[in-house]
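Hi,

Here is the model I promised to pass on.

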Amino acid sequence: MTSTINPETLSGERIEELQQIAGDHMFMHAAQTNDWRGKLKVYTKGEGVWVETADGHRYLDAMAGLWYKSAGYGRTEIADAVYAQMTAIDSSPSGGATVPQVELAGKVAELYPDHGARSFFVSGGSEAVETAVKMAKKYSILNGKAGAFKVISRRYSYHGGTAMAVSLGGSPAADPMGPLMPGAIHVNNWNSYRMPYEGDPVDVAIKCANEFEEVIKHQGVETVAAMIAEPISAAFGIQVPPAEYWQRLREIADQYNVVLIADEVITGFGRTGEYFAPMNWGVQPDITSVAKAITSGYAPLGAAIATKKIADAFVGGPNETFKHLITFGGHPIAAAAALANLKIFEREDLVGNSKRMGTYLYEQLQSLFSHKSVGDVRGGLGLLAAVELVADRETKTPFPASAGLASKLPKALFDRNLVSFRAGDVIAICPPLSINKDEVDFIVSAIDGALDELESDLGI
Ligand SMILES: Cc1ncc(COP(=O)(O)O)c(C=O)c1O
C-alpha cells in the first residue's frame, strides 16, 4: 500500500487563504456551503488510485473522482497528448475537424459492439443525454412517427443537470425547476433490495420492464419516441438488474418501434467489466450516452453513440440533417485526451481488470455482513458496488436522518484514508479500474473500521 506520491504540501497560510476565497466566492456542486466552508479538501497530487491533499494527507479515492477516474491519476502520457494537440492546432475552423476527433470516432466504433456506429461528441454527460434524446426524437420523425415526443424513463434515476435531463431523472435534482419537460413519463426503477413487487427477482424485473410497455400502449405508440435507462442505476444505489430486464427492454423497443437509449455515463468504458454494460446481457441499445471514463476525467468529453441503423437515417438531404450544435462539443484537446486514455485501457487491459477486481471486491465485501447494520451488498459486475446500511436487517428499515450517517460515515472513512463522499445509507464504491488486490483490501478494511466506529457511536 505504498505510494510514490511526492509530498507537495502548501503552507498553512496558503491553505487558509484558499479556504477563505472558496468560502466567500465558490459554489460547490450540489453541496451546502455550511457543510464545507473552512474545511474544503484541496487536492494537490494524484497517482494511481491515490490522491493527496494540500496538507499532505494521502487517501485512496474509492469514488474515482465522480465515477470517472478509470485510468487512475497521474497519467502523464495523457497530458503529453493534450500538449501535443494544443500546440499543433487546438481547435479547427467550423465545418472541419482535427485528427483526434476523427480518430476517436473510429476508436469508439471499434470498441462499440455495433462497429458501424457514429458518434456525436459533446462536453459531458448531461449534453450526451440531451443529444441522445433529441436524436431519438428526430429519428422517430424521420422514421414515420411525426408526433412522437414522449420519453419514458425511471423514477430515482439520474440523467444529468440540464433541463431535459432533469426531467428524465426522477430525483431531487428537479428542485427547483417546477414544471418538467412535457412528455417526460416515469415508471418504476429496478431495485433488487426493495423490489417494487413480490416474487422471483427475474419475474419482478420483467414486470418492471413491462411498465414501459404499459405506458407506450396507454399513451399511444405514435406518441412515444424513446425509452431511457441506466444499465446499473448508481443514483438509486447501484442496482444491478438480472439480464432479463434489459433483454425485455430491447424486445419492447423493437415491438413498438421506440428508440432504446442506454445512459452509460457511469457504466460506459469498462466500469462493468465490458466496454459497454448491456454487452453483459447480449443487448444492443439504439443510442448510448457516455462521458466520464471516455477521458478518465482528464478533459471534459461526452458522446451520443448511435448504431448504424439510427445514424443512417440522418444521411440524406436538408430534411435529414441533425440540427444540433454545441460549440465545444468534442473539443480536439478532449479528443486527444480520450485517445490517449483508451490506449492505456487497451495496453493495461483495464476492462479485464475491472471484471477481475470487481469480482474480488464483491467477494471481500461479503465479510461486512458481520456488522449488524449491513443490510445488503450489491455489485459483482465490474468495479461498481454498494453496501446498504439499515437500522433493522429483518425489516430493512433505514436509519432515521437523526442517526447522521451522511455526515458521520464520510468522515469515518476519511479518517481511515478513504475518499467515499457518497457514503450514507448507501456506501458507493467505484474505484479506478487500475486498482490492485491490496488496494481493494484497503477499501474493505477502511469500511469495516468505519462501520465499527459508527455502530459503537450509535450503540448497536
Ligand atoms: C447516468 C448519468 N447520466 C448523466 C449524468 C450527467 O453527466 P454530467 O454530470 O457529466 O453532465 C450523470 C452524472 O453523474 C450520470 O450519472
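**Salt bridges, domains and ligand**

Across the model, the count comes to 20 salt bridges, taking a salt bridge as a side-chain nitrogen of Lys or Arg within 4 Å of a carboxyl oxygen of Asp or Glu. This is a predicted model, so local features need pLDDT of at least 70 and side-chain atom pairs count only at pLDDT 80 or more, while totals for chains, interfaces and linings use all residues. Residues are numbered from 1 along each chain as its sequence is written, and side-chain values use heavy atoms, with hydrogens and water left out.

One of those salt bridges joins glutamate 17 and arginine 14, at 2.9 Å from N to O. Both sit in helix H1 (residues 12-25), three residues apart, or about one turn of the helix; helices (H or I, at least four residues) and strands (E, at least two) are DSSP runs numbered from the N terminus.

How much area do domain 1 and domain 2 bury between them? About 2,500 Å², with 59% of it on carbon and sulfur atoms; buried area here is the accessible area (1.4 Å probe) that two parts lose on being put together, summed over both. In terms of contact (heavy atoms within 4.5 Å), 30 residues of domain 1 meet 29 residues of domain 2.

The rule finds two salt bridges across this interface. Separately, glutamate 274 pairs with lysine 355 in a salt bridge whose closest N and O atoms are 3.1 Å apart. On the domain 1 side that touches domain 2, helix H3 (64-67), helix H12 (350-365), strand E11 (374-378) and strand E12 (385-389) each supply at least two residues. H12 gives the most, with four residues.

Finally, the ligand. An oxygen atom of the ligand lies 2.5 Å from a side-chain N or O atom of serine 126. For glycine 125, a backbone N or O atom is 2.8 Å from a ligand oxygen, and a polar side-chain atom of lysine 292 is 3.1 Å from an oxygen atom of the ligand.

Cheers

Technical notes: Polar contact = N/O pair within 3.5 Å; in protein donor to acceptor, adjacent residues only side chain to side chain.
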